[in-house]
Amino acid sequence: MAYTSTSQGNEKPVRYLDKDFGDFKNALINMAEIYYPDLLNDFTEGSPGTMFIEMASYIGDVLSFYTDTQIQEVFLQYAQERENLYALAYNLGYIPTVTTPALVNLDLFQQIPAKSNGLPDYDYALKIEKNSDFLPNNGLNTRYLLQSDVNFSFSSSVDPTEQTVYSLNGTQPEYFLLKKTAKALSAELKTSTFGIGAAERFKTISLDDSNIIGIQSIVDSEGNSWTEVPYLAQETIFEEVPNNEAYDPELPQYSGQVPYLLRTKKVSKRFITRFKSNQQLEIHFGAGSTGGDDTSIIPNPDNIGLGIKDGRSLLDKAYDPSNFLYTKAYGEAPANTTLTVTYMVGGGLKANAPSNTINRVGNVVVSPRVGGLNSTLLTDAKNSLQCNNPNPALGGGPGDSPQDIRLNTVAQFAAQKRTVTKEDYIFRTLSMPSQLGNIAKAYITQDNQISLETSKRIANPNALNLYVLGFNLNKQLEILPEAAKINLATYIEQYRMLTDAINIKDASILNFQVEFNISVKPGFNNEQTLLSCINTLKRFFSIDNLQINQPIIEGDVSSILYGIEGVQNVTKLEFVNKFGGIYSQFKYNFVAAKRNGIIYPPVDPSIFELKYPNNDLIGRVNR
């Protein structure tokens with residue numbers, strides 16, 4: 001476009017679209033030919049006029065280039081400088097990575113002796129501490145760190161311990177073999193120490209290393225731990241504590257299913273981390289001191305609303321439901337101490353490993369269950385520790401590319417760690433760590449109440465009902481323990497919208513039996529065809545494929561049976577409710593619930609479950 005300006009009574013066009021040297025030069029020559037034909041009429045390469053025009057064009061070209069570059073680096077989609085990309089990503093809530101570690105599930109084994117009565121002696125079961133490492137046999141010395149403690153004496157639906165007889169003394173078991181599965185991360189622990197003098201506002205220290213995954217811990221010389229937070233203004237964190245009577249007198253009865261409880265903790269000693277474009281990791285501390293606490297808790301009847309005693313109005317404040325705390329200090333600043341920083345390095349493509357290669361025990365810290373044990377048997381138990389990875393270690397690679405940073409930042413900013421839709425709540429519920437409660441199924445719907453006048457359901461716009469179920473050791477559905485529900489309420493609180501009220505409820509379990517008759521095509525074995533039908537239905541009705549409020553469509557089941565090689569016709573297909581005893585307590589009329597070949601669940605959220613597929617899939621071949 002062009003802008004027309006008035007100079008000495010003459011209107012002259014000024015163009016803002018000329019960007020490069022050639023455009024500037026041509027525009028200046030055209031202007032000279034129009035407005036100064038008598039003074040400038042020689043535009044050959046060697047003329048003085050051309051020299052001045054080219055100098056002006058050069059300056060315009062350079063200024064235009066830097067102006068465009070500066071504007072470009074302001075926008076995430078167009079920024080090219082890695083330092084600017086990092087800054088924009090952090091501003092929008094995304095933390096870039098400089099390396100990606102591999103993840104793997106390790107099978108850990110140990111032997112324990114048998115007691116005189118032939119039962120396993122779990123006193124010799126070991127506890128392997130977190131960060132113990134294991135190595136592959138490929139000579140690369142890549143270490144795989146355990147992400148949590150492994151306790152062979154503990155077994156639950158979340159963390160089962162498999163037990164088999166390892167050796168016999170005659171007919172009596174002599175040793176048992178225990179097996180646990182644990183998650184491991186390709187990483188190596190390193191430490192650095194930093195001497196800190198007088199308190200300094202927003203103290204910053206840098207880790208000068210490569211392939212840093214993250215901070216494991218920071219401990220000062222007085223033994224105080226410093227906690228990493230997403231931002232310095234956040235003063236509360238969630239911590240997992242053992243589910244025992246020291247923390248709650250009522251919930252330890254569920255410790256077999258929920259080994260840990262989720263608690264909120266206030267931390268004044270906190271820090272944040274930030275990667276630089278040169279892959280160095282900066283650690284930033286707060287600006288406060290250890291002399292006092294300047295935190296104000298909001299909301300409170302004394303400090304929010306209209307007409308309060310000190311005249312303040314905070315009605316226009318936006319509150320984070322997981323953090324009702326405001327502080328001007330942003331945490332303490334370390335002073336006159338020595339900080340020991342333990343951090344993880346590793347990752348990359350070399351961290352990936354084929355299956356059955358991670359079978360060397362590295363630096364492992366083990367402890368027995370009790371004291372006063374036979375030293376020889378205890379040594380044998382420790383020496384029997386073995387590991388293996390039945391599946392490959394995958395996921396290792398380089399850090400974020402510029403395009404990765406752009407795409408991940410946009411996705412992170414859109415999510416904003418908030419549950420807005422029903423799908424958000426289901427995703428967050430199923431994402432809760434399994435040690436806090438093994439949530440298998442989740443469903444959320446609008447809360448409703450029964451009208452006393454009309455006996456009809458009335459939607460409650462101020463609340464949502466979250467229906468959940470868990471698994472038992474046999475991967476069968478069961479009611480979620482109370483401890484898991486309490487943990488879930490605490491976990492969702494950090495993502496919940498301030499105006500959402502969540503009621504956590506139990507979904508109903510409806511067990512059923514399938515009876516079917518088939519006729520087999522000539523030339524096919526009856527027993528083999530029937531077995532193929534039963535195995536196919538087992539996979540179809542696997543609990544992993546069923547969700548709360550999902551109906552049973554008879555037509556889909558018939559289509560699956562007809563698709564099995566050898567099946568000529570399906571002459572009977574019937575679903576029967578199983579209840580009481582070893583089944584669920586809920587009775588349901590499948591015949592009355594069927595409409596047009598579809599068996600619908602009841603109004604209250606429920607899930608169909610084929611609890612015992614080996615017994616409840618009854619098939620026959622027509623003779």
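**Ground rules.** I number residues from 1 along each chain as its sequence is written, and my side-chain values use heavy atoms, with hydrogens and water left out. Because the model is predicted, I take local features only at pLDDT of at least 70 and side-chain atom pairs only at pLDDT 80 or more, while totals for chains, interfaces and linings use all residues.

**Overall make-up.** I looked up the secondary structure and found 10 helices and 36 strands. Both are DSSP runs numbered from the N terminus: helices are H or I with at least four residues, strands are E with at least two. The protein has 623 residues, and 40% of them count as buried. Buried means under 20% relative accessible area, exposed means over 50%, and partly exposed lies in between (1.4 Å probe, protein chains only). I then turned to contacts, meaning heavy atoms within 4.5 Å. Among contacts between residues at least 6 apart in sequence, 73% join residues at least 24 apart.

I read the strand order as 11-21-13-14-17-18-12. The sheet is open and its pairing is mixed. I count two strands as paired if DSSP finds at least two bridges between them. Which strands lie at the edges? They are strand 11 (188–196) and strand 12 (204–207), each pairing on one side only. From one strand to the next, the twist averages 30°.

I followed strand 14 (residues 225–228) to both of its neighbours here. Two bridges join strand 14 to strand 13 (residues 212–220), and this pair runs antiparallel. Val-219 has Ser-225 in strand 14 as its bridge partner. Strands 13 and 14 form a hairpin, with four residues between them. In that turn, Gly-223 has a positive phi of about 90°. Strand 14 also has two bridges to strand 17 (residues 270–275), and that pair runs parallel. Phe-271 in strand 17 stands opposite Glu-228.

**Helix 8 and helix 9.** Next I checked helix 8 (residues 526–540) against helix 9 (residues 554–562). Their axes come within 10 Å and cross at roughly 140°. That makes helix 8 oblique to helix 9. Axes are lines fitted to C-alpha atoms, for helices over the stretch in contact, and angles run from 0 to 180 degrees between N-to-C directions. Under 35 degrees is roughly parallel, over 145 roughly antiparallel, 65 to 115 roughly perpendicular, and the rest oblique.

Which residues of helix 8 make the contact? They are Cys-533, Thr-536, Leu-537 and Phe-540. Helix 9 supplies Asp-556, Val-557, Ile-560 and Leu-561.

I found another open sheet, ordered 31-34-33, with antiparallel pairing. Strand 31 (552–553) and strand 33 stand at the edges with a single partner strand each, so one side of each has no neighbour in the sheet. Two bridges join strand 33 to strand 34 (residues 598–599). Lys-594 stands opposite Ile-599 in strand 34.

**Val-591.** I located Val-591 in the loop between strand 32 (567–578) and strand 33 (594–595). Is Val-591 buried or exposed? Val-591 counts as exposed because its relative accessibility is 70%. Val-576 is 15 residues from Val-591 in sequence, and their C-alpha atoms are 8.6 Å apart.
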